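Trainee: I have a new structure open and would like to learn how to read it. Could you walk me through it, starting with a pocket?

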Amino acid sequence: MKKFLAHLEVPALMATPLLLLASIFFPVAQTGALTLVVVSATVLLFFVNFEVSRPALRQIMPTVVLGSLAAAGRILFAAVPSFKPVSAIAILAGVVFGKRVGFMVGALAALVSNFFFGQGPWTPWQMYAWGIVGYIAGVASEHDWFEHRWVLLVYGFFSAALFSVMLNTYYAVSFIQPLTWQSAMLAYGASLPFDITHGVATVIFLGLIYVPWSAKLQRIKRKYQLAT
């Protein structure tokens, strides 16, 4: 069961952006509901896979702690729009503990912090978007793409664009009727200042926490023999 669910991860992650893309060119009735079901199923798959793996407490704690820190950081910086440490912490989790933990940290941060900001149909999309930021960081780390710090920082900046594309495309296909290229570009353009702020914030937080936090987390990982 565990291996079967693991094999479904990549197809599930790909299904959401592919469905969004298809919805742009082939709009159907209730597009918003359809995409919401798919993205919710993708997020649920990761939570079920995490549960089926029956992790020991020492495996669970880094995910829970980092997810809680990311949620707390989002709440702490609530007064500054888009200036949040969530992406940076999800990236750090993916680099140190692997792609699945990276996804879980990003998803948990969105879910938990939205008890403060408000839950809604946007919650699964934020969970997916922040989750995939951490997941891709884990994949990149597996292939040693972050050996040079500047590559990590560049990814941190552009991860904000990845997050934005997911949320803005969901908004466009679900709520802009009729959807035209002009109206879609207006939606993307309106979010651009916030996306730049998000990217800059991610770079700043990575620059501040990556070295000290990753050293401590790597030490914990080795000490308790945590699998990735």
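Mentor: Gladly! The largest pocket has a lining of 20 residues, and Ser82, Gln126, Phe163, Leu167 and Phe194 are those nearest its centre. Keep in mind that this is a predicted model.

Trainee: How much space lies in the largest pocket, and which elements give two or more residues to its lining?

Mentor: The space comes to about 490 Å³. Two or more lining residues come from each of helix H6 (122-142), H7 and helix H8 (181-223). H7 supplies the largest share, with 7 residues.

Trainee: How do the lining residues divide into nonpolar, polar and charged?

Mentor: There are 11 nonpolar, 6 polar and 3 charged residues in that lining.

Trainee: Let us stay with H7. What span should its 27 residues have?

Mentor: Counting 1.5 Å a residue, helix H7 (residues 149-175) should span 39 Å, and its end C-alpha atoms are 39 Å apart, so the two values agree. Look along the helix too: H7 has a kink of about 25 degrees, centred on phenylalanine 158.

Trainee: What is phi of aspartate 144 near?

Mentor: Phi of aspartate 144 is near 60 degrees, again positive in a residue other than glycine. Aspartate 144 sits in the loop between H6 and H7, and its relative accessible area of 49% makes it partly exposed.

Trainee: How should I read salt bridges?

Mentor: The general idea is that side chains of opposite charge can pair when their charged atoms come close. This structure holds 1 salt bridge. Arginine 100 pairs with glutamate 9, and their closest N and O atoms are 2.7 Å apart. Arginine 100 belongs to helix H5 (residues 99-117) and glutamate 9 to helix H1 (residues 2-25), so the pair ties together parts that are 91 residues apart in sequence.

Trainee: Is glutamate 9 buried or exposed?

Mentor: Glutamate 9 counts as buried, because its relative accessibility is 2%, under the 20% cut-off. Arginine 100, at 34%, counts as partly exposed.

Trainee: How far apart in space are phenylalanine 205 and phenylalanine 83?

Mentor: They are 9.7 Å apart, C-alpha to C-alpha, while 122 residues apart in sequence. Phenylalanine 205 is in helix H8 and is buried, with a relative accessible area of 10%.

Terms used. Residues numbered from 1 in each chain as written. Predicted model: local features only at pLDDT ≥ 70, side-chain atom pairs only at ≥ 80, totals over all residues. Heavy atoms only, no water. Salt bridge = Lys/Arg side-chain N within 4 Å of Asp/Glu carboxyl O. Helix = DSSP H or I, 4+ residues; strand = E, 2+ residues; numbered from the N terminus. Buried < 20%, exposed > 50% of the residue type's maximum accessible area, 1.4 Å probe, protein only. Expected span 1.5 Å × (residues − 1). Bend = angle between axes of the 7 residues up to and from the residue. 1 Å grid on protein atoms, 1.4 Å probe; cavity = no way out; pocket = protein on both sides within 12 Å on 5 of 7 lines; lining within 4 Å. Points joined across faces, edges and corners; volume = space filled by probe spheres on them. Nonpolar A, V, L, I, M, F, W, Y, C, P; charged D, E, K, R; others polar.
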